[in-house]
Amino acid sequence: MSTKDYIEFVTMQIVTYLDLPAEEKKQRRQKKRTPNTAYIHHWFGILPFAFRIMLHKYKKQAR
């Protein structure tokens, strides 16, 4: 991608964002703030989560 194409793309993105109504911008920001998945699940998959649950059950049974 040439520099001219990149600048054109960035300019189009900025203009598109600025043309949005304030309410829609607010909704987008709110959506970004609320996490959909747990941090560990997002970065490492389900295995660490499953391991943590198994470890928790094991400790609970040991008591």
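This is a predicted model: local features need pLDDT of at least 70, side-chain atom pairs count only at pLDDT 80 or more; totals for chains, interfaces and linings use all residues.
1. Helices here are DSSP runs of H or I with at least four residues, strands are E runs of at least two, and both are numbered from the N terminus. Residues are numbered from 1 along each chain as its sequence is written, and side-chain values use heavy atoms, leaving out hydrogens and water.

2. Now the overall plan. The protein has 4 helices and 0 strands, giving the pattern α-α-α-α along the sequence. Of its 63 residues, 3% are buried (under 20% relative accessible area with a 1.4 Å probe and protein chains only; exposed is over 50%, partly exposed in between).

3. Let's return to α2. Its 12 residues reach 17 Å from first C-alpha to last, close to the 16 Å expected (1.5 Å times one less than the number of residues). This helix is hardly covered, with a buried count of 1.

4. What is the nearest side chain of opposite charge to K25? It is D19, 8.0 Å away, and K25 is buried yet has no salt bridge (a side-chain nitrogen of Lys or Arg within 4 Å of a carboxyl oxygen of Asp or Glu). Lys and Arg count as positive, Asp and Glu as negative, while His and the chain ends are not counted. Leaving aside residues up to four places away in sequence, K25 touches Y17, L18 and L20 (contact means heavy atoms within 4.5 Å).

5. Do look at α4, residues 46-62, too. This helix has 17 residues and spans 24 Å, close to the expected 24 Å. The number of buried residues in α4 is 0, so it lies largely in the open.

6. Finally, Y6 belongs to helix α1, residues 3-19. Y6 counts as partly exposed because its relative accessibility is 48%.
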